[in-house]
Structures are given as C-alpha cells and as structure tokens.
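Visitor: I would like to learn how to read a structure like this one. Can we go through it feature by feature?

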Amino acid sequence: MLEFKTIQTLKPNTEILEVIKDYKYKIKNGKVKHLLCTNLQIIEPTEYLITYPTTLTILEYKVNEISSKPFYIKDHKQKYNLKEIKQILNKFKG
C-alpha cells in the first residue's frame, strides 16, 4: 500500500483572502506530501470554495518559476493570475 507523509502544509494566500472577504467561503489548506520509499512529492492545492453569491471553486497551486498563473477555476477549466481572479469575482458582487 502507498504511504504518504505530509512534509508541508500550504497556508491560504492573504491576497486572495482579502479579495473574497465579502463572500461566504470555505478553505481547505493545501499539502505537500512525500511518497515514502521514493523521491516523489505530491502537491495538493489550497482550495477556496465560494458558496455565496455564486458557487465557484478556486484552486491555488504552489508557484514555480515557469507558471505565472497559480490559480485554477474548476468550473472554467482555466488558469488565472490574481488580477484576473479579482476581475472575475467583481462580476459577481452586487
């Protein structure tokens, strides 16, 4: 059986928390896990589940030098940067 050890817990991004403070939301912290007996690491993204005034799931992946868009919206199936996330969420403000 595969065994994992959590080696790091990824905290929510303070900038996106500032953007979604007016919405109802839940956060699931991301994790970096090590697959024991190998040198593989698995990264679970930080999940922001917005429930009101719209339903939207935003995933934040640990940033690397290659990607300038660390956010992924499940419903849109696209990557975004923080500026684009702000624009999308402003559309739902009433």
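Guide: Start with Glu44, which is partly exposed at a relative accessible area of 25%. Buried means under 20% relative accessible area, exposed over 50%, and partly exposed in between (1.4 Å probe, protein chains only). This is a predicted model: local features need pLDDT of at least 70, side-chain atom pairs count only at pLDDT 80 or more, and totals for chains, interfaces and linings use all residues. Residues are numbered from 1 along each chain as its sequence is written, and side-chain values use heavy atoms, with hydrogens and water left out.

Visitor: With which side chain does Glu44 meet in a salt bridge?

Guide: A salt bridge is a side-chain nitrogen of Lys or Arg within 4 Å of a carboxyl oxygen of Asp or Glu. Here Glu44 meets Lys33, at 3.0 Å from N to O. Lys33 is in strand E3 (residues 30-35) and Glu44 in strand E4 (residues 41-44), so the pair links distant parts of the chain, eleven residues apart.

Visitor: How many salt bridges are there by this rule?

Guide: Three. One joins Lys69 to Glu84, with the closest N and O atoms 3.5 Å apart. Lys69 lies in the loop between E6 and E7 and Glu84 in helix H2, so this pair ties together parts 15 residues apart in sequence. Both ends are partly exposed: Lys69 at 32%, Glu84 at 24%. Another joins Glu18 to Lys21, at 2.7 Å between the closest N and O atoms. Glu18 is partly exposed at 48%, and Lys21 at 49%.

Visitor: Is Glu60 buried or exposed?

Guide: Buried, at 12% relative accessibility. Glu60 lies in strand E6. Its side chain makes a polar contact with the side chain of Asn13 at 3.1 Å. A polar contact is a pair of N or O atoms within 3.5 Å; within protein, one must be able to donate a hydrogen and the other to accept it, and residues adjacent in sequence count only if both atoms are side-chain atoms. Setting aside residues up to four places away in sequence, Glu60 touches Asn13, Pro45, Thr46, Tyr48, Pro70 and Phe71. Contact means heavy atoms within 4.5 Å.

Visitor: Now the core. Which residues touch the most other members?

Guide: In soluble globular proteins, nonpolar side chains tend to be buried together. A nonpolar core is a set of buried Ala, Val, Leu, Ile, Met, Phe, Trp, Tyr and Cys residues joined through side-chain atoms within 4.5 Å. The largest one here has 15 residues, and Ile16, Ile58, Ile85 and Leu89 touch the most other members. H1 (14-19), E5 (46-52), E6 (56-60), E7 (71-73) and H2 (82-92) each supply at least two residues. H2 gives the largest share, four residues. Beyond its neighbours within four places in sequence, Ile85 is in contact with Ile16, Ile58, Phe71, Ile73 and Tyr80.

Visitor: And the whole protein: how many helices and strands?

Guide: Two helices and eight strands. Helices (H or I, at least four residues) and strands (E, at least two) are DSSP runs, numbered from the N terminus. Along the sequence the pattern is β-α-β-β-β-β-β-β-β-α. The C-alpha trace spans about 50 × 25 × 25 Å along its principal axes. Of the 94 residues, 29% are buried.
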